[in-house]
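Welcome, and take your time with the exercises on this page. Have the sequence and the 3D view open, and try each task before you read its solution.

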Amino acid sequence: QVQLVESGGGLVQPGGSLRLSCAASGSIFSIGSMGWYRQAPGKQRELIAAITSGGRTNYANSVKGRFTISRDDAKNTMYLQMSSLKPEDAAVYYCYAHIRSGYNEGSYDYWGQGTQVTVSS
């Protein structure tokens with residue numbers, strides 16, 4: 001079994017910063033691409049940042065220059081450093097990871113349970 005657990009969400013004032021973490025645990029042989037989605041009330045879930053196993057990153061225009069995605073493969077953990085937060089960044093943030101559980105196993109996408117980010121004064 002593979003589990004992704006997010007942490008780091010909370011309430012922050014506009015202009016503030018937060019760092020989200022996404023830790024993978026369980027039967028893990030390798031982790032491929034990882035990323036973050038977010039979903040605000042009444043809106044579709046959107047991909048905001050992704051990182052490949054080689055460290056290549058991609059960002060949605062809405063967060064480019066303000067958010068930084070990174071990963072620590074030794075800890076099976078991914079991070080999202082969020083700066084200059086705006087009220088429109090408020091959402092539930094979900095992480096995903098493309099994980100292979102064993103040498104002869106296929107790779108599957110796993111999801112975290114979500115963590116709430118609220119940006120308000």
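The model is predicted, so local features are used only at pLDDT of at least 70 and side-chain atom pairs only at pLDDT 80 or more, while totals for chains, interfaces and linings use all residues. Residues are numbered from 1 along each chain as its sequence is written, and side-chain values use heavy atoms, with hydrogens and water left out.

**Exercise 1. The overall build**

Task: Find how many helices and strands the protein chain has, and describe its overall dimensions.

Solution: 
- Step 1. Start with the elements. The protein chain has eleven strands and zero helices. Here helices (H or I, at least four residues) and strands (E, at least two) are DSSP runs, numbered from the N terminus.
- Step 2. Look at the box. Along the principal axes, the C-alpha atoms fill roughly 50 × 25 × 25 Å.
- Step 3. Check burial. Of the 121 residues, 39% are buried. Buried means under 20% relative accessible area, exposed over 50%, and partly exposed in between (1.4 Å probe, protein chains only).

**Exercise 2. Strand 9 and its partners**

Task: Follow strand 9 (residues 91-100) and find out how many bridges join strand 4 to strand 9.

Solution: 
- Step 1. Take strand 4 (residues 30-39), which runs antiparallel to strand 9 and is joined to it by eight bridges. Ile31 and Ile99 are bridge partners here.
- Step 2. Move to strand 10 (residues 107-111), which pairs with strand 9 in the antiparallel sense over five bridges.
- Step 3. Val92 has Gln116 as its bridge partner in strand 11.
- Step 4. Check how covered strand 9 is. Seven of its ten residues are buried.

**Exercise 3. The core and the disulfide**

Task: Which residues have the most contacts inside the largest nonpolar core, and which cysteines form a disulfide?

Solution: 
- Step 1. A nonpolar core is a set of buried Ala, Val, Leu, Ile, Met, Phe, Trp, Tyr and Cys residues joined through side-chain atoms within 4.5 Å.
- Step 2. The largest core has 30 residues, and Trp36, Ile48, Leu80, Met82 and Tyr93 have the most contacts inside it. Strand 9 gives the most to this core, with five residues.
- Step 3. Locate the disulfide, a pair of cysteine sulfur atoms within 2.5 Å. The structure holds one: the sulfur atoms of Cys22 and Cys95 are 2.1 Å apart. It links distant parts of the chain, with Cys22 in strand 3 and Cys95 in strand 9, 73 residues apart.
- Step 4. Describe the link. Its angle about the S-S bond is 65°, and it is right-handed. Both Cys22 and Cys95 are buried.

**Exercise 4. Two loop residues**

Task: Where are Asn76 and Ser84 found?

Solution: 
- Step 1. Asn76 sits in the loop between strand 7 and strand 8. Its phi is near 50°, a positive value in a residue other than glycine. Asn76 is partly exposed, with a relative accessible area of 24%.
- Step 2. Ser84 belongs to the loop between strand 8 and strand 9. The phi of Ser84 is positive, near 50°, and this residue too is other than glycine. Ser84 is partly exposed, with a relative accessible area of 43%.

Methods
Two strands pair if DSSP finds at least two bridges between them.
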